[in-house]
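Please walk through the structure shown below, taking its helices, its loops, its aromatic rings and its open space in turn.

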Amino acid sequence: MAFIINDVEVTSEPSNLLFDKHIDFIAKQGNDKHDYEYCMTEFLRISGIYWGVTALDLLDELSHLDKESIIEFIKKCQCPQSGGISACEGHDPHLLYTLSAIQILCTYDRLNEIDIEAVAKYVSCLQQPDGSFYGDRWGEIDTRFSFCAVAILTLINKLDVINIPRAVEFVMSCCNADGGFGSKPNAESHAGLIYCCVGFLSITKQLHQLDCEKLAWWLCERQLPSGGLNGRPEKLPDVCYSWWVLASLTIMGRLHWISSEKLEKFILSCQDIETGGFSDRTGNMPDIFHTLFGLGALSLLGHPRIKPINPTFCMPQYVIDRLNIRPQLLDA
């Protein structure tokens, strides 16, 4: 019986980075406050700003955004009671949006604009006795939140406020027989969650606990004949997994295990030749989320027009260098 691979057709165009179109696409995001999509994405507003800020910085065109208005918005989103940061004014704070806000402020070198001590207290209060982290006060547990917690605290130089050994123990309890990681113990391995766990271990300098050979093999199997990468077996390729998979392989020193040439062709085929921006797959509508991760993946592949990106933090490498942060990376 034939085995059918779930894949897509990739066009040969465009074959070059649509640099100027991407700048225009990113800079226009959020300009129309009455736009339907703008109103419907309020729940992830601050992450959207992070995607745009980081993407433009990678293109060395950060001046297209109003830095001061972005910083003022973040200040308004910090909860005076908990210290956490929300996606938008009037929303509950969450680790996901707290990380996005901290990443933006680090890029702009303006961490002093918010109450950092309150942020550290917020993160530490979300750690549970087993080492896991709630995402917010409502109690969802996910390995994404473990990554967010240590990333936030490292960026603000407060990693000592949590129980790191217990946090590591919880993340390792989410490792599966295939070498991958899920959202919690016994959950299915997923490339996005693998990135979070590998990134977590990179920050906490515990990469020796990985079975890198097994995990890297699982990640390499995510590459399909189209060149694109999927997040799980039998799923379609998606530009965002170009980042999750490549970053994980880069941290483990095994980027060379996949076909970079085929992946780059797939990523470039997902550009919108009219508006700029990247979509999830060839021919679909572009969005700011896939635009950042498309550019981030191309940066990891060494594209000459994109600044180097740090694979652990998904931030421009010069920002991580300025903060004197050295996440653990394995040699090739």
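In α1, the buried residues are Phe19, His22, Ile23, Phe25, Ile26 and Ala27. The model is a predicted one, and in it the cover over these buried residues of α1 includes α3 and α13. Just after α1 comes Gly30, which takes a positive phi of about 85°. Gly30 lies in the loop that joins α1 (19–28) to α2 (36–40), and it counts as partly exposed because its relative accessibility is 27%. From Gly30 to Gly48 the separation is 18 residues in sequence, while their C-alpha atoms are 9.1 Å apart in space.

Most residues other than glycine have a negative phi. Against that background, Asn157 has a positive phi of about 60° although it is not a glycine, and Cys314, likewise not a glycine, has a positive phi of about 50°. Asn157 is placed in the loop between α7 and α8, whereas Cys314 is placed in the loop between β1 (309–310) and β2 (315–316). Are these two residues buried or exposed? Asn157 counts as exposed because its relative accessibility is 69%, over the 50% that the term requires. Cys314, with a relative accessible area of 4%, is buried, since the term applies under 20%.

Another loop residue, Ser189, is found between α8 (164–173) and α9.

The aromatic rings come next. A pair of aromatic rings is described by the distance of the centres and the angle of the planes. The structure holds 7 aromatic pairs. One of them joins Trp243 and Phe293, whose ring centres are 6.5 Å apart and whose planes meet at 35°, so the pair is tilted. This pair links distant parts of the chain, with Trp243 in helix α11 and Phe293 in helix α13, 50 residues apart. Both Trp243 and Phe293 are buried. Phe293 also pairs with Phe289, and here the centres are 4.9 Å apart and the planes stand at 70°, so this pair is edge-to-face. Because Phe289 and Phe293 are 4 residues apart in helix α13, about one helical turn separates them. Their accessibilities can be set side by side: Phe289, at 23%, counts as partly exposed, while Phe293, at 4%, counts as buried. One aromatic cluster is formed by Trp51, Phe147, Tyr195, Trp243, Trp244, Phe289 and Phe293.

From the cluster the reader can turn to open space. Rolling a probe the size of a water molecule over the atoms shows where empty space is left. The second largest pocket holds about 590 Å³ of space. Its lining consists of 24 residues, and those that lie nearest its centre are Trp51, Leu96, Arg144, Trp244 and Phe289. The elements that give two or more residues to this lining are α3 (45–58), α5 (95–107), α7 (143–155), α9 (191–203), α11 (239–251) and α13 (288–300).

Which element gives the most to the lining of the second largest pocket? It is α5, with 5 residues. By residue class, the lining of the second largest pocket divides into 18 nonpolar, 5 polar and 1 charged. Trp51, Trp244 and Phe289, which are among the residues nearest the centre of the second largest pocket, also belong to the aromatic cluster.

Terms used: Residues are numbered from 1 along each chain as its sequence is written. This is a predicted model: local features need pLDDT of at least 70, side-chain atom pairs count only at pLDDT 80 or more; totals for chains, interfaces and linings use all residues. Side-chain values use heavy atoms; hydrogens and water are left out. On a 1 Å grid over the protein atoms alone, a cavity is a set of points where a 1.4 Å probe fits but cannot get out, and a pocket is an open set with protein on both sides within 12 Å along at least five of seven lines; lining residues have an atom within 4 Å of a point. Grid points are joined across faces, edges and corners, and a volume is the space filled by probe spheres set on the points. Ala, Val, Leu, Ile, Met, Phe, Trp, Tyr, Cys and Pro count as nonpolar, Asp, Glu, Lys and Arg as charged, and the others, Gly among them, as polar. Buried means under 20% relative accessible area, exposed over 50%, partly exposed in between (1.4 Å probe, protein chains only). Contact means heavy atoms within 4.5 Å. Rings of Phe, Tyr and Trp (its six-membered ring) pair if their centres lie within 6.5 Å; planes under 30 degrees apart count as stacked, over 60 as edge-to-face and the rest as tilted.
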